[in-house]
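Welcome! Please take a moment to look over the sequence and the 3D structure before reading on.

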Amino acid sequence: MAKGNRGFGSSLTEGLEDSELDVSAPAESIMASRSQTLARLASGKVVTDRTEWVDPARCRPWRLHNRDIDHLNEETCRDLIDAFLSAKKQRIPAIVRKLHDDPEYDYEIIAGVRRWWTVQWLREHHHPEYEYLVTIQHVSDEEAFRVSDIENRSRKDISDWERANEYLRALDEFYDGSQSEMAEHLKISRSWLTRLLDVARLPNEIVNVFADTHDITVRVARDLKPLTGDQRALGLMVAEGQAIIAERDDLGVKLTGPEVAKRLVKATVATSKKGAQEELVKTRKGKPMLRYARPARGGLNLKVLPRSGATTDEVLEAIRKLLDA
């Protein structure tokens, strides 16, 4: 495949995706000349032999890349698909490293996974002529992480969930679990780093309540994370989460991230009008069936939950046990 192709950029359709980098510089220095480099690339005046068109099938994402590949589809990549079709090519190169120990792949992608996915999609949908434009760099894993972070920090199409999990992996791998050291290297505040990491540190039982993990934002985690340290509160949120999942599966009720968080938080303080704490009764198959509370003045408040799958006999049996108790 030809190296040093001229004139591959006359517009910056993907302007914030990736850029040509100086292989000898650290991550911050590598990104410092971004504007000048992009301008030179766009003018077609300078393209070094480190920028090549390659077969996307010979590339694989770096193990620490920040993209949730399961979330990449025609809808989430529509902007790139349209940009590539309009330009009849990819204009701004991805950042890759050369592989030497994998016979199936030649390069690993440090930044530009979404572009890689888009080129493959186009090749599979009547455009086999599309190739993947890459700039080959020589950087360590820690430098690769910082390059990827700086490159993508301001991008709105990366969710807090993706970024948080990337940071949590990097925290242990590159900074020995020290948030202070990591914040210093990334030039971000420690308080912001803590809030972001809280997204990735939510318990799986809470994460699974959300229809889409990309709905779990820093704001959502801010409301939920402090409550997960209280076993009673966590148990109430897990029970409410099961009800939310049942409603979604059986009734098609899909809540937004903030709506899910609001219900989970509310469950930790849910009381009847007289201050009685609500409890949950499940079916034999584990689905939420009844909610009940025992007011201080006596009696029993009951709510039969929809679509539990329980038979009438099973519901009546559960109510009878509550009355006997």
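The report below starts with the whole chain and then visits a few places inside it.

## The chain as a whole

This is a predicted model, in which local features need pLDDT of at least 70 and side-chain atom pairs count only at pLDDT 80 or more, while totals for chains, interfaces and linings use all residues. Residues are numbered from 1 along each chain as its sequence is written, and side-chain values use heavy atoms, with hydrogens and water left out.

The protein chain holds 13 helices and 8 strands; helices (H or I, at least four residues) and strands (E, at least two) are DSSP runs numbered from the N terminus. Of the 325 residues in the protein chain, 48% are buried. Buried means under 20% relative accessible area, exposed over 50%, and partly exposed in between, using a 1.4 Å probe and protein chains only. Among the contacts in the protein chain with a separation of 6 or more, 67% are between residues 24 or more positions apart, where contact means heavy atoms within 4.5 Å.

## Helices α11 and α12

Two packed helices are described by the angle between their axes and the distance between the axes. For α11 (residues 231-251) and α12 (residues 257-267), the axes come within 8 Å and cross at roughly 140 degrees. Axes here are lines fitted to C-alpha atoms, for helices over the stretch in contact, and angles run from 0 to 180 degrees between N-to-C directions. The two helices α11 and α12 are therefore oblique to each other; angles under 35 degrees count as roughly parallel, over 145 as roughly antiparallel, 65 to 115 as roughly perpendicular and the rest as oblique.

On the α11 side, the contact is made by L236, M237, E240, G241, A243, I244 and E247, and on the α12 side by V260, R263, L264 and A267. These contact residues of α11 and α12 divide into 7 nonpolar, 1 polar and 3 charged. In this grouping Ala, Val, Leu, Ile, Met, Phe, Trp, Tyr, Cys and Pro are nonpolar, Asp, Glu, Lys and Arg are charged, and the others, Gly among them, are polar.

## Around helix α8

Helix α8 (residues 190-200) has the buried residues L193, L196, L197, D198, V199 and A200. They pack against α6, α7 (179-186) and α10 (218-228). From the α6 side, A164 is buried, with a relative accessible area of 0%. Leaving aside neighbours within four places in sequence, A164 is in contact with L196, L197, V199 and A200.

The axes of α7 and α8 come within 9 Å and cross at roughly 110 degrees, so α7 and α8 are roughly perpendicular to each other. Here Q179, S180, M182 and A183 of α7 meet R190, L193, T194 and L197 of α8. By class, this contact of α7 with α8 has 4 nonpolar, 3 polar and 1 charged residues.

## Aromatic rings

The whole structure contains 4 aromatic pairs. Rings of Phe, Tyr and Trp (its six-membered ring) pair if their centres lie within 6.5 Å; planes under 30 degrees apart count as stacked, over 60 as edge-to-face and the rest as tilted. For F145 and Y167, the ring centres are 5.9 Å apart and the planes are at 80 degrees, so the pair is edge-to-face.

This pair links distant parts of the chain, with F145 in helix α5 (residues 141-152) and Y167 in helix α6 (residues 160-175), 22 residues apart. Both F145 and Y167 are buried. Together with F174 and Y175, F145 and Y167 form one aromatic cluster.
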